[in-house]
Amino acid sequence: MNEEVYWIWLSRVVGPASARGKELLAVYGSPKEVYEARQREDFSPYLTDTQAGRLRQLSLEDCLPAWARCQRAGIRLLPYGGEGYPARLADIPDPPLLLYATGAAGALEGAPAVAIIGSRRPSAYGTQAARTLAAALAKAGAVVVSGLADGLDGEAHRAALEEGGRTVGFLGCAIDQTYPASNRPLRARMEEKGEVFSEYEPGEGGQPSYFLQRNRLIAAACDLICVAEARLKSGTMSTVRHALRYGRPVFAVPGEIFSPQSEGTNTLLSQGHARPVVGPETLLEALGLKTEKARRPKKKKAAPPPQSEEGQILRLLGQGPCTLGQLSEALARPSQELFISLTRLEMEGLVYCTCGMYTLR
């Protein structure tokens, strides 16, 4: 029997997000040894009653279809501690016994890794923060990690790709699925240089708990995590709790004090659970990466025509700093459209944004 089938069997026995599997391997050494001892030894010191029931009832033959499905789909199986298994995950108390992976093997190795996480329904400010930070990290050679979800996860992945960097995703669903489905093209781009992981085998039905279990892997796989924007009660905050549990440094982008979208990040900062991010340099310095490029101001380009949307924005900012909302009200333009113009002005070195306030350079 192929060794990988034994790993599928043991991962099913133990289930996701359990510390029992690591303890079991410390005693028996391999899934095959556990399987061969299942009928003659007492596993009650190592397994719950539910897990022990699965150990007795599941057979290797039950696991063969999943293994065959992986072979047909080109899905790699990464056993705990084996080749290709992310080294940072092996050190946590509740690692997945088996990871499923697609994309470029070893994408998490050989470079610092940073998780950029946040709201699935972000503000323009949160989007800008996530994209700016992810782009700077990718340009400096760091791997950007997130959850391939709606909102800031996807924005972080895209910004890293636009800089030609590596980005890695951890799924809260089976490895042969992408949630949301609209992110399938993004996943395909990520897999060219990066990697996508899941601890859920192909064909497995999804459960809401899977996303919370997945969050521990995002936290564990990185040298540090950065929250770009988050509500106080959110899945993002569960990732932060795992990061604190694993001893990973947490950083947060300060947000507007009146915005519910920033309540989580501001609370982390006020309680001392996170360090403030004042720009990409904060994260680059924490990783020991060069920050010259991040500090060097971009050369200003010629000002746009006064009557253009960008020209009107510059005229208003000439009277003093404004938030996106204030600009939207003054110009009677949707904030989504103004955000595009503001981003272009930032890239041209004509304006900059700090804590939600846009200012002329």
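Colleague: Where is the place of S238?

Modeller: S238 sits in helix 11, which covers residues 235-246; helices (H or I, at least four residues) and strands (E, at least two) are DSSP runs, numbered from the N terminus. Please keep in mind that this is a predicted model, in which local features need pLDDT of at least 70 and side-chain atom pairs count only at pLDDT 80 or more, while totals for chains, interfaces and linings use all residues. Residues are numbered from 1 along each chain as its sequence is written, and side-chain values use heavy atoms, with hydrogens and water left out.

Colleague: Is S238 buried or exposed, and which residues does S238 touch?

Modeller: The terms rest on relative accessible area, where buried means under 20%, exposed over 50%, and partly exposed in between (1.4 Å probe, protein chains only). S238 has 8% relative accessibility and therefore counts as buried. Its contacts (heavy atoms within 4.5 Å) are with L212 and N215, when residues up to four places away in sequence are not counted.

Colleague: What does the side chain of T265 reach?

Modeller: A polar contact is a pair of N or O atoms within 3.5 Å; within protein, one must be able to donate a hydrogen and the other to accept it, and residues adjacent in sequence count only if both atoms are side-chain atoms. In this model the side chain of T265 reaches the backbone oxygen of S262 at 2.9 Å. T265 belongs to helix 12, residues 263-270, and counts as buried because its relative accessibility is 0%. With residues up to four places away in sequence left aside, T265 touches V227, A228, E229, A230, A252 and V253.

Colleague: How many aromatic pairs does a search of the whole structure find?

Modeller: A pair of aromatic rings is described by the distance of the centres and the angle of the planes. Rings of Phe, Tyr and Trp (its six-membered ring) pair if their centres lie within 6.5 Å, and planes under 30 degrees apart count as stacked, over 60 as edge-to-face and the rest as tilted. The search finds eight aromatic pairs. In one of them, the rings of Y80 and Y85 have centres 5.7 Å apart and planes at 85°, so this pair is edge-to-face; Y85 is buried, with a relative accessible area of 5%. For F170 and F197 the centres are 5.1 Å apart and the planes at 20°, which means a stacked pair. That pair links distant parts of the chain, since F170 is in strand 5 (residues 167-170) and F197 in strand 6 (residues 195-198), 27 residues apart. Both F170 and F197 are buried. Elsewhere, ring pairs join Y6, W9 and Y35 into a cluster.

Colleague: Which residue lies over the face of Y35?

Modeller: A charge sits over a ring if NZ of Lys or CZ of Arg is within 6 Å of the ring centre and within 35 degrees of the ring normal. R38 lies over the face of Y35, at 3.8 Å from the ring centre, and R120 lies over the face of F211, at 5.4 Å from the ring centre.

Colleague: Where does A17 lie, and what is its phi?

Modeller: A17 is in the loop between helix 1 (3-14) and helix 2 (20-28), and its phi is near 60°, a positive value in a residue other than glycine. A17 is partly exposed, with a relative accessible area of 33%. A332, found in the loop between helix 16 (324-331) and helix 17 (335-347), has a positive phi near 55° and counts as exposed at 66% relative accessibility.
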